[in-house]
Amino acid sequence: MSIALNADEQDLQLAVRRYLDTKIAPLVAEHEERREFPWEVLAGLYEFGYVRGMVAAEHGGDELSAMMQAVLMEEAGRCWGSLRTTVNVQGMVAMLLSRSGTPEQRGTFLDPMLAGARFGWFALTESEAGSDAGALTTTAQRVGDRFVLKGRKIYITNALGSDFGILVARHLDADGTDLGVSAFLVEAAESPYGVSEIAHMPVRSTSSCELVFDGTEIPAANLLGEPGSGFRQAMAAVNIGRLNMAMGAVGLSQACLEAAVRFSKERRQFGKSIAEFQLIQQMVVDIAVGTQTARLLGYDAARALDAGADARYECSMAKYYCGETAGRSATLALQVHGGAGLMEEFPVERYFRDAREATIPEGTSQIQVLQMGRQLLGVSALR
Ligand SMILES: Cc1cc2nc3c(=O)[nH]c(=O)nc-3n(C[C@H](O)[C@H](O)[C@H](O)COP(=O)(O)OP(=O)(O)OC[C@H]3O[C@@H](n4cnc5c(N)ncnc54)[C@H](O)[C@@H]3O)c2cc1C
């Protein structure tokens with residue numbers, strides 16, 4: 001328990017950790033093996049502020065502080081990477097609906113989401129537009145009272161399992177005039193689109209999908225926010241997503257630390273516990289120092305957001321450091337386990353795979369460095 005947290009934040013951390021340890025942790029191994037997510041558990045988690053915390057109180061949300069949300073993400077990451085990824089995406093979709101949705105859109109999509117009855121995807125990335133998201137080519141052209149969608153998205157989390165989503169696309173007027181990048185709500189049932197799973201390494205209980213829009217039609221009323229505001233909406237969500245991912249990575253590092261301590265006390269070689277070897281102690285302490293440093297950077301970014309700062313620099317720093325630290329923590333924890341670390345019966349095998357995710361979505365480590373470099377040096381190395 002960190003003294004950087006106040007009493008309410010500590011209470012939340014204890015309560016959610018207890019719940020995740022008893023109700024969710026027992027589900028992990030079975031669902032990872034089947035590559036399925038237990039969607040029915042989410043409504044219970046929303047009671048703690050997951051997803052609802054990102055939504056304004058006037059729209060039925062809990063409107064939690066960034067610090068409270070950081071605590072929730074840290075605990076989700078300590079328990080299960082697939083859970084952390086899932087609540088992160090659901091929270092981003094709910095937040096965008098709360099910030100930009102019309103009352104009708106909130107009634108159709110947000111209200112049932114907050115009740116755990118609907119789930120959404122968020123699609124920005126394309127095969128030629130990853131880090132360079134502004135290069136996206138998917139279009140939504142106005143035709144009468146509809147938009148016609150054309151293009152492909154890749155790596156879209158949980159598009160299988162969700163019944164609607166937010167598509168970020170180039171907005172074309174009826175005569176083909178480019179109005180900029182906008183966000184659009186797409187319902188799977190009324191506007192069928194192609195969706196297929198892309199086999200992937202980490203967070204195995206999530207799906208990572210390709211979406212194909214080949215003339216898919218959506219009602220004109222499904223434009224989310226102002227024309228041309230899609231990229232701005234996406235970037236606002238990505239900034240919070242960065243902090244969420246950073247704190248999930250801190251939780252994962254914490255899980256690596258706990259696993260390494262537990263295993264090194266149990267495992268005996270050369271007639272004694274391996275915890276007695278100095279080189280094992282070095283690895284365990286390195287995980288602990290990295291985890292605590294990462295945690296404080298994440299908490300600092302959350303406090304900056306709560307103080308009203310735009311905190312892009314702090315969120316980038318947290319995403320960069322916490323993500324890279326999770327990879328190092330998982331590598332060291334696996335090494336402490338020896339051969340057992342590569343066997344699926346020990347959780348470090350999963351931590352190692354999931355840690356690879358921490359440095360890529362929501363802006364790779366390299367992109368975070370370039371964002372911070374631009375702020376420090378006043379010149380952009382991105383283009
Ligand atoms: C598990 C997972 C879930 C995801 N979920 C979603 C989702 O739900 N919705 C969504 O829209 N997207 C999602 N993504 C996509 C994710 O946001 C992108 O993968 C990420 O932005 C990187 O884009 P890319 O994969 O195309 O890599 P690229 O941009 O092609 O990068 C390749 C390499 O080049 C480096 N690089 C790129 N540009 C520069 C530069 N200017 N200078 C230096 N180095 C550079 C990168 O750091 C990286 O090392 C997900 C990805 C993963 C892996």
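UniProt positions are quoted in the numbering used here, with feature names shortened, and its annotations may be inferred rather than shown by experiment. The structure is a predicted model, with residues numbered from 1 along each chain as its sequence is written. Local features need pLDDT of at least 70 and side-chain atom pairs count only at pLDDT 80 or more, while totals for chains, interfaces and linings use all residues; side-chain values use heavy atoms, with hydrogens and water left out.

On to the annotated domain. An unreviewed UniProt entry lists residues 122–215 as "domain: Acyl-CoA oxidase/dehydrogenase middle". That stretch is 53% strand and 0% helix, where helices (H or I, at least four residues) and strands (E, at least two) are DSSP runs numbered from the N terminus. Its end C-alpha atoms sit 19 Å apart.

Next come the empty spaces. Rolling a probe the size of a water molecule over the atoms shows where empty space is left. On a 1 Å grid over the protein atoms alone, a pocket is an open set of points with protein on both sides within 12 Å along at least five of seven lines, a cavity is a set where a 1.4 Å probe fits but cannot get out, and lining residues have an atom within 4 Å of a point. Points are joined across faces, edges and corners, and a volume is the space filled by probe spheres set on them.

The largest pocket holds about 1300 Å³. Its lining runs to 46 residues, with Thr125, Ile360, Pro361, Glu362 and Gly363 nearest the centre.

Helices α4 and α6 each supply at least two lining residues, with α6 giving the largest share, four.

Phenylalanine 37, in the loop between α1 (7–34) and α2 (42–46), counts as buried because its relative accessible area is 9% (buried is under 20%, exposed over 50%, partly exposed in between; 1.4 Å probe, protein chains only). Its C-alpha atom is 8.8 Å from that of arginine 204, 167 residues away along the chain. Tyrosine 321, in helix α8 (residues 312–337), is partly exposed because its relative accessibility is 31%.
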